[in-house]
Amino acid sequence: MDPSSNSGAPVVETRDLVKIYRMGDVEVQALGGVSLTIQGGEFAAVMGASGSGKSTFMNLVGCLDKPTRGSYLLNGQDVGGLSRDQLARVRGRQIGFVFQGFNLLPRTNALENVELPMLYQGIAARDRHQRAAEALERVGLGDRLHHTPAQLSGGQQQRVAIARALVNRPTLLLADEPTGNLDSRTSVEVMGIFQELNEQGLTVLLVTHEADIADHAKRIVVFKDGLLLEDRPVTRRRLSREELVEEARA
Amino acid sequence: MNLLASLRTALRALRKNKLRSLLAMLGIVIAVGAVVATVAIGQGAQAKVAAQMASLGSNLLMIVPGSIAAHGVATGAGATQNLNREDLTAIERELTTSVAAIAPINRTGAQVVYGDQNWFTQVQGTTAAYLQVRGWALAQGEPFGREEDAAAAKVCILGKTVVDKLFPDEEHVLGEQIRVKHVPCKVIGVLAAKGQSSWGQDQDDVILMPWSTVVRRLVGTQSDAVSTMMVSARSPEAVDDAQREITSLLRQRHHLSETAEPDFQIRNLAEMQNAAKENTNTIAILLGSVALISLIVGAIGIANVMLVSVTERTREIGIRMAVGARGRDVLFQFLTEAVVLASVGGVIGLLLGAGISRWMASRFDWPTLLSPPVMAATMLLAGFAGVVAGFYPALRASRLDPIEALRFE
Ligand SMILES: Nc1ncnc2c1ncn2[C@@H]1O[C@H](COP(=O)(O)OP(=O)(O)O)[C@@H](O)[C@H]1O
Ligand SMILES: [Mg+2]
């Protein structure tokens with residue numbers, strides 16, 4: 001089993017998480033007190049209307065931002081009191097991000113993009129190359145190591161981003177609308193990679209507003225106006241592998 | 001992030017925007033190039049002055065009329081007539097153990113004519129001892145002797161430049177009659193060519209004539225006043241003895257009391273060298289301040305480009321922070337970029353400066369001297385300028401909020 005898996009123990013544990021944005025005199029409450037626990041090995045999809053606080057929640061869980069109130073334990077560690085630099089360390093070691101807009105460095109090849117997170121963990125150049133190449137192979141891009149983002153399709157770019165998210169062997173993979181810029185077939189392929197990684201033990205938390213995408217997860221949480229509205233298991237789970245076979249047959 | 005990795009990252013970032021990187025370092029290139037070239041030229045000139053002073057002979061002394069006041073201002077030097085041929089003869093006769101040779105010098109400018117050629121040059125009235133004191137040799141002919149001096153004979157020895165001007169086509173110069181300020185003179189010798197001095201002065205543009213010929217016939221006076229005496233001591237060690245003995249002999253001859261200011265000055269080589277050094281030091285300080293200002297301008301150029309670069313790469317900074325870069329990693333990255341810019345600019349400037357000084361040396365026969373310590377110091381200064389220039393932009397980059405940076409378009 002992959003060393004990054006820790007099924008059973010809670011990976012994410014938030015209690016009454018509140019986030020209030022202040023813009024001058026106006027206060028916007030993006031999160032109104034969210035308590036959510038995600039166990040190791042889970043695959044959860046966060047759904048909800050635009051503006052319901054999904055991204056705000058992901059940013060807090062991803063240690064990119066600090067909550068106004070409430071507590072957050074990541075792998076049992078309270079990250080509430082950590083400094084900016086300590087949060088950066090947590091991000092680099094325990095969390096992998098996948099964004100809607102890929103967020104790859106332009107004019108930089110796939111290998112170098114994937115090496116980026118290791119640069120900040122003091123990993124030697126030779127190990128960086130090897131691990132980056134392995135991660136790219138894992139997402140099916142072993143033959144595109146030296147392509148720059150401009151030379152890759154959207155789906156391939158997102159795979160590079162996934163490889164980058166995996167390369168430091170995180171315990172939690174966060175993806176905010178990872179299929180938002182992709183066509184439906186490519187979306188299914190990307191979801192297939194997430195499912196594969198989750199089967200290997202990685203905990204995945206995904207934001208999407210599309211029901212068919214969310215059905216690839218094992219659990220769905222729905223946000224509304226900054227509050228948790230619904231939390232249910234996926235009853236008829238879609239498996240990317242089968243969908244692709246079906247499509248090929250049709 | 002370790003040093004090698006950040007260097008590589010910096011180089012990669014700078015390569016991605018070659019034109020901007022070039023423009024950013026242009027100021028530093030020019031600053032370092034200017035410093036290296038000017039210092040090379042300055043030091044070359046200084047070395048040549050020193051060499052020339054040394055070639056005058058370390059045993060040289062100059063005696064000029066006039067007194068030195070306490071603060072070193074000569075009172076009426078030149079106007080006074082308190083050095084004469086009698087003094088010279090006395091030194092020559094009495095101080096034979098310390099003094100090897102002594103020559104009087106009275107100068108005047110004069111128009112010289114041969115056929116339809118004419119030229120304005122400097123005429124030095126002196127004796128044959130002058131050649132010995134200066135260590136000059138004749139390319140042709142013979143020097144004048146005591147008889148010619150005593151008789152104010154109409155003879156002359158020409159420098160190479162004067163020969164070239166008056167006799168452009170002729171090979172045969174000795175025995176020709178030229179006119180010096182309407183005085184017809186026979187050419188009895190030609191000086192060996194010496195070339196330019198470090199001041200750019202043509203040392204061959206000169207005529208030597210017997211002292212009395214210049215004073216009696218060209219200047220037209222019966223005065224015995226000598227405007228300068230050039231003395232060479234028997235050896236470098238004998239210089240101090242010579243200076244002391246000449247001082248006491250002249251004081252005695254001029255009837256000066258123990259406490260009276262001397263009415264003449266004796267300058268030795270060390271003093272002349274110090275004066276020259278002082279001049280070159282002033283020039284060095286001037287060059288240094290120009291260099292500093294241009295380095296500051298170069299640093300501002302780098303700071304400017306780095307600020308633009310940080311704004312443009314906000315998203316990149318957000319990505320780096322999201323994958324684990326700490327504030328100090330980002331700070332270090334941009335600082336490294338600024339230092340690399342400044343150092344590469346410094347190296348290019350160094351090559352440029354060295355090239356310019358080489359070219360000056362060959363094209364204008366101007367002495368230049370590339371000094372490794374100065375080049376190293378300039379490079380260090382350029383690197384330091386990079387640190388200073390890069391610090392504020394890098395600090396700004398390191399303080400960006402990762403979420404906002406990621407959202408930046
Ligand atoms: N940086 C911010 N400053 C002010 N308001 C914000 C900021 N980010 C998000 N918001 C507000 O918080 C609410 C939730 O936003 P978000 O979490 O992005 O929603 P979602 O991702 O579900 O569409 C929205 O009303 C949004 O306008
Ligand atoms: Mg969102």
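Buried area is the accessible area, taken with a 1.4 Å probe, that two parts lose on being put together, summed over both. With that in hand, welcome to these close-up views. This is a predicted model, in which local features need pLDDT of at least 70 and side-chain atom pairs count only at pLDDT 80 or more, while totals for chains, interfaces and linings use all residues. Residues are numbered from 1 along each chain as its sequence is written, chains are lettered from A and ligands numbered from 1 in the order in which they are written, and side-chain values use heavy atoms, with hydrogens and water left out.

**View 1. Chain A meets chain B.** About 2300 Å² is buried between chain A and chain B, and carbon and sulfur atoms give 54% of that area. In this meeting, 25 residues of chain A are in contact with 27 residues of chain B (contact means heavy atoms within 4.5 Å). How many salt bridges does the rule find across the interface of chain A and chain B? There are two, a salt bridge being a side-chain nitrogen of Lys or Arg within 4 Å of a carboxyl oxygen of Asp or Glu. Look also for the salt bridge that joins the side chains of B:Arg328 and A:Asp85, at 3.4 Å from N to O.

**View 2. A:Arg69 and its neighbours.** A:Arg69 belongs to strand S4 of chain A, residues 69-74. Helices (H or I, at least four residues) and strands (E, at least two) are DSSP runs, numbered from the N terminus. Leaving aside residues up to four places away in sequence, A:Arg69 touches A:Asp16, A:Leu17, A:Val18 and A:Ile20. A:Gly24 is 45 residues from A:Arg69 in sequence, and their C-alpha atoms are 20 Å apart in space.

**View 3. Helices H3 and H5 of chain A.** H3(A) (residues 110-119) and H5(A) (residues 154-166) pack at about 30 degrees, with their axes 7 Å apart. That angle makes H3(A) roughly parallel to H5(A). Angles under 35 degrees count as roughly parallel, over 145 as roughly antiparallel, 65 to 115 as roughly perpendicular and the rest as oblique. Axes are lines fitted to C-alpha atoms, for helices over the stretch in contact, and angles run from 0 to 180 degrees between N-to-C directions. On the H3(A) side the contact is made by A:Ala110, A:Asn113, A:Val114 and A:Pro117, and on the H5(A) side by A:Val160, A:Ala163 and A:Arg164.

**View 4. Helices H1 and H11 of chain B.** The axes of H1(B) (residues 3-16) and H11(B) (residues 327-364) come within 9 Å and cross at roughly 65 degrees. H1(B) and H11(B) are therefore roughly perpendicular to each other. Residues of H1(B) in this contact include B:Leu3, B:Leu7 and B:Leu14, and those of H11(B) include B:Phe332, B:Glu337 and B:Leu341.

**View 5. Helices H11 and H12 of chain B.** H11(B) also has a meeting with H12(B) (residues 372-398), where the axes come within 7 Å and cross at roughly 150 degrees. H11(B) and H12(B) are therefore roughly antiparallel to each other. Among the residues that make the contact are B:Phe334, B:Gly346 and B:Leu350 of H11(B), along with B:Met375, B:Gly386 and B:Phe391 of H12(B).
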